[in-house]
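Dear colleague,

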Amino acid sequence: MVISLLIGSFIIMISVLVQAYGNILWLKKILASKNFQSPYSITRPLRLLSYSFIFFSIIHFIQTGFWAVAYMLIPETTGVFSSASEAWYFSMVTFTSLGYGDLTLTDDWRLLSGIEAINGIMLIGWSTAMMFSLIQQIYKSQNPN
């Protein structure tokens with residue numbers, strides 16, 4: 001159990017760093033370009049929202065990839081997955097809290113999947129907050145009143 005907590009905490013730290021670094025880079029890009037600052041134009045805000053969604057999705061794909069690699073590196077969990085893609089599938093289902101239950105970790109390592117679910121909820125919420133903030137900025141720029 002302690003090992004699960006340590007491994008989970010380590011992966012959470014990596015995931016948070018990826019999220020924070022990605023958000024900072026994206027904000028710098030957005031603020032430098034001022035893409036949402038053209039009143040009454042729909043193409044720039046639409047492009048910005050679409051690119052932002054894709055960017056945050058890629059960040060989450062990377063984060064679930066870290067979890068999948070961890071599952072593949074832990075000797076006791078390696079036997080659960082027949083391939084790296086299956087470990088990534090399990091990670092994505094767990095990260096999003098979808099939890100199909102078609103794959104489960106052994107008793108000693110189940111806590112790790114719960115830790116990943118908490119991590120996923122928090123990071124997806126963070127991305128959602130970023131998208132909401134962006135939508136607010138676009139709205140303000142389109143409606144200067």
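Predicted model: local features only at pLDDT ≥ 70, side-chain atom pairs only at ≥ 80, totals over all residues.

Residues are numbered from 1 along each chain as its sequence is written, and side-chain values use heavy atoms, with hydrogens and water left out.

On a 1 Å grid over the protein atoms alone, a pocket is an open set of points where a 1.4 Å probe fits, with protein on both sides within 12 Å along at least five of seven lines, and lining residues have an atom within 4 Å of a point; the points are joined across faces, edges and corners, and the volume is the space filled by probe spheres set on them. The lining of this largest pocket has 13 residues, of which Phe53, Phe56, Ser57, His60 and Ile124 are the closest to the centre. Two or more lining residues come from each of α2 (43–73), α4 (84–95) and α5 (110–142), and α2 gives the most, with six residues. Helices here are DSSP runs (H or I, at least four residues), numbered from the N terminus. By class, the lining has seven nonpolar, six polar and no charged residues, where Ala, Val, Leu, Ile, Met, Phe, Trp, Tyr, Cys and Pro count as nonpolar, Asp, Glu, Lys and Arg as charged, and the others, Gly among them, as polar.

Glutamine 19 is found in helix α1 (residues 2–33) and is buried, with a relative accessible area of 0%; buried means under 20%, exposed over 50%, and partly exposed in between, for a 1.4 Å probe and protein chains only. Leaving aside residues up to four places away in sequence, glutamine 19 touches Ile59, His60, Gln63, Leu123, Trp126 and Ser127, a contact being heavy atoms within 4.5 Å. The C-alpha atoms of glutamine 19 and isoleucine 62, which are 43 residues apart along the chain, are separated by 9.7 Å.

The structure also holds six aromatic pairs. Rings of Phe, Tyr and Trp (its six-membered ring) pair if their centres lie within 6.5 Å, and planes under 30 degrees apart count as stacked, over 60 as edge-to-face and the rest as tilted. Tryptophan 26 and phenylalanine 55 are stacked, because their ring centres are 4.6 Å apart and their planes lie at 10 degrees. This pair links distant parts of the chain, with tryptophan 26 in helix α1 and phenylalanine 55 in helix α2, 29 residues apart. Phenylalanine 55 also forms an edge-to-face pair with phenylalanine 56, since the centres are 5.8 Å apart and the planes at 70 degrees. Tryptophan 26 counts as buried at 10% relative accessibility, phenylalanine 55 is partly exposed at 21%, and phenylalanine 56 is buried at 5%.

Finally, the buried residues of α4 are Ala87, Phe90, Ser91, Val93, Thr94 and Phe95, and they pack against α2 and α5. Of these, threonine 94 has a relative accessible area of 10% and touches Ser113, Glu116 and Ala117, again not counting residues up to four places away in sequence. Just after α4, serine 97 takes a positive phi of about 65 degrees.

With best wishes
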